[in-house]
Amino acid sequence: NNIIWHDFGTLNHVDKNHSHNHNNLNPHKNIEELSSSHVILFLVSPNFICLENFDKYVNLALKARKTQEARVIPIILDLCHWKKSALKDLEPLPKNGVPVTNRKWTNKNQAFYEIADAIDKIIEEIREIRRQKQEAIENYEKKKFQYKGIVQDVYRQNHNLSDESKKQLKYHQECLEIQDRDARAIEAEVQEQFIIDEVDEIEEDDYGFPSAFKNASIHSSFSE
């Protein structure tokens, strides 16, 4: 919910209530926040483009755009050569990069309304994309859990997997669309657990004899 705003070459932090805190500025922290943001807005004017740190911050934003699909939006406040800068390949606001100061806007509030409306739609798009990704992750985890149950059933029937059992597992893996790496990890986990369970079954009594032998002796004595 935090907002990062660019102020003449320094990054200052604003909390979600937009209250400024100039006594606790942390440029390093703010640069990290810029790099991890989902929406980055640059208020573009001649002064902004001429900033000493212009390229630095724009490149950080473009890197975030590639690595985490951040949306970087130049907001054209005044006429300037932004199309010849590192921002040239980005889609600006207002639409078509018409500056807020352009006479097209008989009322500047119209320009700011268009900007705010577009940003709101972008944020909703990002939320929907994140929701779909989270849903996909949760569904995949359910499929992995389901595959683990299938693997356990197969191991119960045949500890030493036959070729037929392997084909059966491969079939279920493909049906559930489990990645090979995850399938192998699940199979190894189940196999290890079955080995541990088998070892636990051979428990020693107070005299150091395996319980299986003790039970066999008792059975033999009763048989006699």
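Is Glu187 buried or exposed? Glu187 is buried, with a relative accessible area of 14%; buried stands for under 20% relative accessible area and exposed for over 50%, with partly exposed in between (1.4 Å probe, protein chains only). The structure is a predicted model, in which local features need pLDDT of at least 70 and side-chain atom pairs count only at pLDDT 80 or more, while totals for chains, interfaces and linings use all residues. Residues are numbered from 1 along each chain as its sequence is written, and side-chain values use heavy atoms, with hydrogens and water left out.

As for confidence, pLDDT is the predictor's own score for each residue, from 0 to 100. The protein averages 79 on it, and 73% of the residues score at least 70. Over residues 8–25 the pLDDT is below 50, yet this stretch has 37 contacts in the model beyond near neighbours in sequence; a contact here means heavy atoms within 4.5 Å. Residues 212–224 also have a pLDDT below 50, and that stretch has one contact beyond near neighbours in sequence.

The protein has seven helices and four strands, where helices (H or I, at least four residues) and strands (E, at least two) are DSSP runs numbered from the N terminus. Read from the N terminus on, the elements go β-β-α-β-α-α-β-α-α-α-α. Of the 224 residues, 29% count as buried. Among contacts between residues at least 6 apart in sequence, 52% join residues at least 24 apart.

The largest nonpolar core has 19 residues, and those with the most contacts inside it are Ile40, Phe42, Val44, Phe48 and Leu87. Such a core is a set of buried Ala, Val, Leu, Ile, Met, Phe, Trp, Tyr and Cys residues joined through side-chain atoms within 4.5 Å. At least two of its residues come from each of β3 (39–44), α3 (54–67) and β4 (71–76), and the largest share, six residues, comes from α3.

β3 pairs with β4 in the parallel sense over six bridges; two strands count as paired if DSSP finds at least two bridges between them. Within this pairing, Phe42 has Pro74 of β4 as its bridge partner, and Leu43 stands opposite Ile75 in β4. Five of the six residues of β4 are buried, so this strand is largely enclosed by the rest of the structure.

Aromatic rings come next. A search of the whole structure finds two aromatic pairs. Rings of Phe, Tyr and Trp (its six-membered ring) pair if their centres lie within 6.5 Å, and planes under 30 degrees apart count as stacked, over 60 as edge-to-face and the rest as tilted. Phe48 and Phe54 form an edge-to-face pair, 5.1 Å centre to centre with 80° between the planes. Phe48 counts as buried at 6% relative accessibility, and Phe54 does too, at 5%. Together with Phe42, these two residues form one aromatic cluster.

Back to the helices and Glu187. Glu187 sits in helix α6 (residues 180–201) and, not counting residues up to four places away in sequence, touches Tyr147, Val151, Tyr155 and Leu169. Tyr147 is also among the contacts of Leu176, along with Lys143, Gln146 and Ile150, again leaving aside neighbours within four places in sequence. Leu176 lies in helix α5 (residues 163–176) and is buried, with a relative accessible area of 11%. Leu176 and Gln146 are 30 residues apart in sequence and 8.5 Å apart in space, C-alpha to C-alpha.

A few backbone details are left, in the loops. The peptide bond from Leu93 to Pro94 is cis, with omega near -5°, and Pro94 belongs to the loop between β4 and α4 (108–157). Asn96 is found in the loop between β4 and α4, has a positive phi of about 65° although it is not a glycine, and counts as exposed at 64% relative accessibility. Glu177, in the loop between α5 and α6, has a positive phi of about 60° although it is not a glycine; Glu177 is exposed, with a relative accessible area of 56%.
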